2 protein chains.
Amino acid sequence: MRDVFVIGVGMTQFGKFPERSLSDLGKEACWLAMKDAGVRPDRIQAAYCGNALGSYLQRENGIGQSVLWQVGIRGIPVMNIENACASGSSAFREAWMGVAAGLYDVAIAVGVEKTVMKKGALLDVGDAELEAKIGDVFPGLFAMRAQRHMYEYGTTLEQMAKVSVKNHHNGCLNPYAQYQKELTVEEVLHSPMIADPLTLLSCCPNSDGAAAAIVASREVVKMLSAKPVKVLASILGTGLYHNKKDMALFDLDFKVSKEAYEMAGVGPEDIDLTEVHDAFTIAEIMHYEGLGFCRVGEGGRLIDEGETEIKGRIPVNPSGGLLAKGHPVGASGIAQIAEIVWHLRGEAGARQVANARIGLSHMMGGGKEGDVGACTVHILERINEI
Amino acid sequence: MRDVFVIGVGMTQFGKFPERSLSDLGKEACWLAMKDAGVRPDRIQAAYCGNALGSYLQRENGIGQSVLWQVGIRGIPVMNIENACASGSSAFREAWMGVAAGLYDVAIAVGVEKTVMKKGALLDVGDAELEAKIGDVFPGLFAMRAQRHMYEYGTTLEQMAKVSVKNHHNGCLNPYAQYQKELTVEEVLHSPMIADPLTLLSCCPNSDGAAAAIVASREVVKMLSAKPVKVLASILGTGLYHNKKDMALFDLDFKVSKEAYEMAGVGPEDIDLTEVHDAFTIAEIMHYEGLGFCRVGEGGRLIDEGETEIKGRIPVNPSGGLLAKGHPVGASGIAQIAEIVWHLRGEAGARQVANARIGLSHMMGGGKEGDVGACTVHILERINEI
């Protein structure tokens, strides 16, 4: 297995763009990533496109082929990847694998999605008719996890609200974020109830957007001026996110992050920043625990003590996360990689984590009751000499 | 890159199974492939699942995760792959890549689909409303190609009908085939007109079904009793299937098969049997030319002279092809691999191609007007000693 480096990243703003197509969004992200890397379209040898819902929502298949054709990346192998919310990060993993394998020297991963619906429409993923009636939808499931976390560990409504406040604060510093507006704990707590205890501002929005990342071998990096970031670990795991034995624990997080730390040769104490799948406030708290940033049950304390703020011990979601940056499903995993790359290069502007050397990105995909989910963890490191 | 071998294959019958779910079909194919290989579920280290339309037709995401969980393949990386009709063959390619890269020693590719619709329902892939009105749907496009092929090369209605007659004959010899009924040229020509000159029996059906293949490294093969089949080439190309300069020519077939022959170190004259994407009769004739089995324009002659029959010089679609075996989109590419493996092992029963040593499978995915398509070519070889 060869070393693999991220040489370029790019993304569109996340938001509501009814006038823009999947191809249009994907194209912008690819152009920005190529410009960032300083590589021409004809140097890219393989492409992976993460998208979860295009076949259902836009009746489009072969989205990667359309996107890449339009930016002049032609004739090469293009693979469309779907792993629910982990579609983008899974696409990144396959691009990494192609370069690590020595099959390609330069590969691109792009993620794109449009999930903004008409007001009142239900994004009915799964057997929606029955599930929606009995409340077995994502907000309901995360609400059960939140209730259990409160019961087991004394986690409070205020602690969960603080996750949203922190991430919306970070979103204000990120020009790519869908929401750039400060929130207070009171506003989060008093926004409309979705599934007790999760209020509207405790849930991530539906979003449109795209992100892209280009990976390359050492030989290619030597020829480029870009600041290289090395991929220390790429792990994709599978399991039941809905842990019936302990609903307040994502055991898949523990398993996958453990493998990633081993592969990277680092531990949670070495991570300078992380982007996690905060689709709901309680999820971020549970991921603190699953990724080893604190002990089980102490996630609430972590947010209380400010440790996951940009200036804290272990900044989490400096981008604003899914809660404020938005969540165009297939794009989110690659947007996380882009965010981490910017921090490691010192290019993250107002939200820069000081002296960031190692970053971790985490995505969970699927995970409804009875549903087998995916989990990805990537660890990246800033490299000074190639 | 390490050598990769197919150690086990399996498939469900293809047909109309309204009572069976995607998971149920996928599960059966995986069990059969594992049984064929003689490996336990816990030996499989990675999985790729080809499916094109589950998100749209069944509102299911993460199908691979569900299928594999149920057969006891748990915790490992699972990736869902979509490349239209080439979804299954693309999943096979990624499994091959993972083993070739040295990342895994045993990986499984499974393809599954349910496209059987209620009578009269339109499988509206793409911007269906406008496209259906103007006839810019697959039968219309292939009809234009057929008209052009007739005009340019004198290809006849009878020659095209003979493709369906041959493949339905082969289907009668294949217990997995959706249709097991002999047809005559007259029956094909006089079946209801779909898009002139393509009649109902010139088009493949909608189908439900699944197929699976397990690949492994040399070290694993040495421990197993299965007859190994070596993957000589795996190529995935991208391009415009709808060739506006010459509608009677699939230039992507030429390009991708050329790369595959180079990778395998063989030529079209070395191929003992092949499975191609015969979604319409004219497509099979055009693929004869694109894959180098005859010169451009001579596809009609090839079928006339019986060269592509099971006992001919270059047997094409001994399984019955998409026309008779059926076409559960995401499964078809892997079912082709299974068919070729059975022939190379001498296990293809009544439809066995005598002394088959090298087989080629070909899939096209997408390719409507303006649509960028995928094309895969795999070349497999029987190995006597490992």
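This is a predicted model: local features need pLDDT of at least 70, side-chain atom pairs count only at pLDDT 80 or more; totals for chains, interfaces and linings use all residues.
Helix α10 (residues 251–264) of chain B meets helix α11 (residues 281–290) of chain B at an angle of about 45°, and their axes are 8 Å apart. That angle makes α10(B) oblique to α11(B), and the crossing between α10(B) and α11(B) is right-handed. Which residues do the touching? From α10(B) come Asp253(B), Phe254(B) and Ser257(B), and they meet Met286(B), His287(B), Glu289(B) and Gly290(B) in α11(B). Sorted by class, this contact of α10(B) with α11(B) holds two nonpolar, three polar and two charged residues.

Now hop over to chain A and look at its helices α10 (residues 251–264) and α11 (residues 281–290). Their axes come within 8 Å and cross at roughly 45°, so α10(A) is oblique to α11(A). The crossing of α10(A) and α11(A) is right-handed. On the α10(A) side you'll find Asp253(A), Phe254(A) and Ser257(A), which meet Met286(A), His287(A), Glu289(A) and Gly290(A) of α11(A). The residues of this contact of α10(A) with α11(A) split into two nonpolar, three polar and two charged.

While you're at helix α11 of chain A, pick out Ile285(A), which is found there. Is Ile285(A) buried or exposed? Its relative accessibility is 0%, so Ile285(A) counts as buried. Setting aside neighbours within four places in sequence, Ile285(A) is in contact with His149(A), Thr155(A), Gln159(A), Met160(A), Val163(A), Gly299(A) and Gly300(A). Pro175(A), by contrast, lies 110 residues from Ile285(A) in sequence and 25 Å from it in space, C-alpha to C-alpha.

Next come some strands of chain A. Strand β10 (residues 358–365) of chain A is mostly covered, with eight of its eight residues buried. Side chains in a regular strand alternate between the two faces of the sheet. In β10(A), Ile358(A), Leu360(A), His362(A) and Met364(A) point one way, while Gly359(A), Ser361(A), Met363(A) and Gly365(A) point the other way, and all are buried.

What pairs with β10(A)? Strand β9 (residues 273–275) of chain A runs parallel to β10(A), with three bridges between them. Strand β11 (residues 372–382) of chain A runs antiparallel to β10(A), and eight bridges join the two. Gly359(A) in β10(A) is a handy landmark: Leu273(A) stands opposite it, and Leu380(A) in β11(A) is a bridge partner of Gly359(A).

Ser55(B) counts as buried because its relative accessibility is 8%, under the 20% cut-off. Leaving out residues up to four places away in sequence, Ser55(B) touches Ala52(A), Leu53(A), Ser55(A) and Tyr56(A), along with Glu60(B) and Asn61(B).

Finally, a few backbone details in the loops. In chain A, a cis peptide bond joins Asp196(A) and Pro197(A), with omega about 10°; Pro197(A) is in the loop between β5 (193–195) and β6 (198–199) of chain A. In chain B, a cis peptide bond joins Asp196(B) and Pro197(B), with omega about 10°.

Positive phi values turn up too. Arg59(A), a residue other than glycine, has phi near 55°; Arg59(A) is in the loop between α2 (54–57) and α3 (63–70) of chain A and counts as partly exposed at 25% relative accessibility. Asn317(B) also has a positive phi, near 55°, but Asn317(B) is buried, with a relative accessible area of 0%.

Conventions: Residues are numbered from 1 along each chain as its sequence is written. Chains are lettered from A and ligands numbered from 1 in the order in which they are written. Side-chain values use heavy atoms; hydrogens and water are left out. Axes are lines fitted to C-alpha atoms, for helices over the stretch in contact, and angles run from 0 to 180 degrees between N-to-C directions. Helices (H or I, at least four residues) and strands (E, at least two) are DSSP runs, numbered from the N terminus. Angles under 35 degrees count as roughly parallel, over 145 as roughly antiparallel, 65 to 115 as roughly perpendicular and the rest as oblique. A crossing is left-handed if the near helix is turned anticlockwise from the far one by less than a right angle, and right-handed if clockwise. Contact means heavy atoms within 4.5 Å. Ala, Val, Leu, Ile, Met, Phe, Trp, Tyr, Cys and Pro count as nonpolar, Asp, Glu, Lys and Arg as charged, and the others, Gly among them, as polar. Buried means under 20% relative accessible area, exposed over 50%, partly exposed in between (1.4 Å probe, protein chains only). Two strands pair if DSSP finds at least two bridges between them.
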